Amino acid sequence: MSDSRTQTITALGATGRVAMGTARFLFLALGAGVFLAILLVGWWLSGFVPTISHGTPAFTWAPEQLAITRSTSVTATSPFRGREQGLQFGGPGTEGPFAAMILAERSDSAVPFTLTTPVFWQFAPLRVLAPRVGGPHYTMTTRFGRFTGRDVYYRESDGRTRTCIIFRNGFETSEFALGGYYCAAGVQSADAAPLACMIDKLQIVPGKNPSPAVAYLAERAGNAPQCANTTFYQPGTRQVVRDRNGGVVRMRGDTNDAFPLWAR
């Protein structure tokens, strides 16, 4: 074999090794770039997922209807939206009532709240049941101000239909939202009149350095209860349809709107 041919083969081999090394480097660099991009997207998305803890909220809620129902405190925090303090009582799949009271406060970087947004994170125990909205809009007057509410109903695993009312503050504020839900026990129907009195049972615990929302509610907590003097809906606008065993079948006037839907 001539020297020139040997040199050519050697040069080609060296070029191949360089090409393979370059390709391997580019492949590893591309993989590292994709992995870094995934990490950055995950970090960005994590800001929208609330951090859950079980600190004591700035309020207590102990209406008679929930006296024997165990409560759990839940606090959800996100830098992109703010903080949500809540008390959860019971849950579906039982004969007893279940409910939630929730106070959401926005962070400095969050968009201002409205009377319909945001949807409470802590509605999840009710939302997963895929409830339907039916019946009229309620207006409930309390010591804290006006609240709006809607009937919702869902089907339990044993086929029974249970009724609930979702509610939210109806007074204008862009800094916080106060609301929750109440689901009646067994085959009973949830009603707005006693629910307004239940909301009036809310007690604010401001502490030493209350937030503006807590301070606002604490000031209104000194007002006289209003639930006894509230007109919630016109008689005859809602009818609960029951089966022969007394179970709730549906609400006449059903809108078939997906949950949640708020009065606008």
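Tutor: Two strands pair if DSSP finds at least two bridges between them; strands are DSSP runs of E with at least two residues, helices runs of H or I with at least four, numbered from the N terminus. The model is predicted, so local features need pLDDT of at least 70 and side-chain atom pairs pLDDT 80 or more, while totals for chains, interfaces and linings use all residues. Residues are numbered from 1 along each chain as its sequence is written, and side-chain values use heavy atoms, without hydrogens and water.

Student: In the hairpin of β7 and β8, which residue takes a positive phi?

Tutor: β7 and β8 run antiparallel and are joined by nine bridges. Five residues lie between the strands, and the one with a positive phi, near 95°, is glycine 159.

Student: How many of the eleven residues of β7 are buried?

Tutor: Buried means under 20% relative accessible area, exposed over 50% and partly exposed in between, with a 1.4 Å probe on protein chains only. Strand β7 covers residues 145-155 and is mostly covered. Phenylalanine 147, at 0% relative accessibility, counts as buried.

Student: What is the angle between the planes of phenylalanine 98 and tyrosine 154?

Tutor: Rings of Phe, Tyr and Trp (its six-membered ring) pair if their centres lie within 6.5 Å; planes under 30 degrees apart are stacked, over 60 edge-to-face, the rest tilted. Phenylalanine 98 is in β5 and tyrosine 154 in β7, so the pair ties together parts 56 residues apart in sequence. Their centres are 6.3 Å apart and the pair is edge-to-face, with the planes at 65°.
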